[in-house]
Amino acid sequence: MKIAVMGYGTIGSGVVDVLRINKEKIAQRAGEPVEVKYILDLRDFPGDPMEDAIVHDYQIIVNDPEIGIVVETMGGVEPAYTFVKAMLEAGKQVATSNKNLVAAKGAELIRIAREHNVNFQFEASVGGGIPIIRPLNKCLTADEIEEITGILNGTTNYMLTKMAKEGADFDEVLKDAQAKGYAEKDPTADIEGHDPCRKIAILTSLVCGQQVDFEDIYCEGITKISATDFKYAQIMNRSIKLLASSRKTQGSYSCMVAPFMLSSEHPLCGVNDVFNGIFVHGNVLGDAMFYGSGAGKLPTASAVVADVVDMTKHKNTNIYIDWKPEKLTLVDYKDSVNSFFVRTSSDRAKVESVFGNVAYIDAGIDGEIGFTTDAMPEAQFEDKAAKITLINRIRLG
């Protein structure tokens, strides 16, 4: 099997490395050797072992009948979409790690692949090296998936873990994450929650079989989380995690990305550092947990190569993926019910007149009080919170 890799950055070079490191094992599992013929990139790589494979025009790959599978690790929607579409229309199978592309164009690319009797697979687009998409498509098809809740971003999980362990503040841990290469120079997609938002949109689309637009999902990042919040969390024996969640409700799904204070019993409470964890609840399965490296060169490349092996074994066979382009209307997040931890500079009399029954948490912070509320709809909480002087609020899980 001759393949091409589009994009020779961190993940693309990782794919080439995995194919080299596990060459014999991959050939055994795929039923034939897998060999990289082309690498598409804007740059040249003089001295690289693969320098002779570098090409700059994607049409060379499109027009080469020897190429059976194309790996896309370029990132972004364009030109990745144009290139991938051309590959599928030329009868080539495609594996991608690109969550932006899958979230925006997944349903359409699955349809094009089906029409040309090839496959478009994207295991590495969610959860890095953790297998989650294949289990949802193949292993859990007998289940009605009622909830998926995950820590789906290694950068923010690393930052929150460091804040919890060291009492450091947000700006300090962001600089550290950037210095270690976990956070980009522009960290917006991670710290504002856009990255896990795209991932939960992909997972929800697969579970419901329709297009879920990430723009429709309520999304909140970790920029308002401070060292003081962790002082309260410690007293409450809770951890603060950025969760992406999707729950079946009212004939549709309710989706959200936001920080939660998790109790020590919660299955995701102990998922720390750059690791990801994905909790799945099915009506027959019950509870299941997927845990592992959510990012990184080789773990993500490993998931891409797993798709390559799967597609090598399924030449001239379309593996059915139920994801139609018809858009699903999500339930308004304001209807979802949560309990909240609240920090305020208002006095107890004011708090009790607005919220009624609350449980106070004393962290010894001057000029403010902390408390937790009963469960209530988001809309109701927003109305009540507007009547006090709010410092911060975090949902409880």
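## Around Leu140

Leaving aside residues up to four places away in sequence, Leu140 touches Pro135, Ile145, Val280 and Leu285, where contact means heavy atoms within 4.5 Å. You will find Leu140 in the loop between α6 and β7; helices (H or I, at least four residues) and strands (E, at least two) are DSSP runs, numbered from the N terminus. With a relative accessible area of 11%, Leu140 is buried; buried means under 20% relative accessible area, exposed over 50%, and partly exposed in between, with a 1.4 Å probe and protein chains only. Leu140 and Gly282 sit 142 residues apart in sequence, yet their C-alpha atoms are 8.3 Å apart in space.

A word on the model: it is predicted, so local features need pLDDT of at least 70 and side-chain atom pairs count only at pLDDT 80 or more, while totals for chains, interfaces and linings use all residues. Residues are numbered from 1 along each chain as its sequence is written, and side-chain values use heavy atoms, with hydrogens and water left out.

## The nonpolar cores

A nonpolar core here is a set of buried Ala, Val, Leu, Ile, Met, Phe, Trp, Tyr and Cys residues joined through side-chain atoms within 4.5 Å. The largest one has 85 residues, and Ile61, Phe120 and Phe122 have the most contacts inside it. Its biggest contributor is helix α5 (residues 99–115), which gives 8 residues. A second, separate core holds 29 residues, including Ile39, Ala53, Val309 and Met311.

Phe120 is worth a look on your screen. Not counting residues up to four places away in sequence, its partners include Val84, Leu88, Val94, Thr96, Leu101 and Val102. Phe120 also touches Gly106, Leu109, Ile110, Ala113 and Ile321.

Helix α1 has 12 residues and reaches 16 Å from its first C-alpha to its last, close to the 16 Å expected at 1.5 Å a residue; the expected span is 1.5 Å times one less than the number of residues. Since 9 of the 12 residues of α1 are buried, this helix is largely enclosed by the rest of the structure. The buried ones are Ile11, Gly12, Ser13, Gly14, Val15, Val16, Asp17, Val18 and Leu19. Their cover includes β1 (2–6), α2 (23–30), β2 (35–40), β4 (67–72) and α12.

Helix α7 (residues 154–166) has 13 residues and spans 18 Å between its first and last C-alpha, close to the expected 18 Å. Here 10 of the 13 residues are buried, so α7 is largely enclosed by the rest of the structure. Among the elements covering the buried residues of α7 are β7 (145–151), α8 (170–179), α9 (188–191), α11 (227–235), β10 (238–249) and β12 (275–282).

## The largest pocket

On a 1 Å grid over the protein atoms alone, a pocket is an open set of points with protein on both sides within 12 Å along at least five of seven lines, whereas a cavity is a set of points where a 1.4 Å probe fits but cannot get out; lining residues have an atom within 4 Å of a point. Grid points are joined across faces, edges and corners, and a volume is the space filled by probe spheres set on the points.

The largest pocket has a volume of about 1,100 Å³. It is lined by 37 residues, and Ile11, Lys99, Glu184, Asp195 and Ala295 lie nearest its centre. Helices α1 (10–21), α5, α7, α9, α10 (194–208) and α12 each supply at least two lining residues. By class, the lining has 11 nonpolar, 19 polar and 7 charged residues; Ala, Val, Leu, Ile, Met, Phe, Trp, Tyr, Cys and Pro count as nonpolar, Asp, Glu, Lys and Arg as charged, and the others, Gly among them, as polar.

## Closed cavities

The count comes to 3 cavities of 30 Å³ or more. The largest cavity has a volume of about 120 Å³, and of its 13 lining residues, Gln121, Ile133, Arg134, Asn137 and Ile321 are the closest to its centre. Helix α6 supplies the largest share of that lining, 4 residues. The lining divides into 6 nonpolar, 2 polar and 5 charged residues.

The second largest cavity has a volume of about 50 Å³. Its lining includes Ile110, Ala113, Phe120, Gln121 and Ile321, and α5 gives the largest share, 3 residues.

## Around Thr373

Thr373 lies in the loop between β18 (369–372) and β19 (376–377). At 7% relative accessibility, Thr373 counts as buried. Beyond residues up to four places away in sequence, Thr373 touches Ser339, Phe340, Val342, Phe355 and Phe381.
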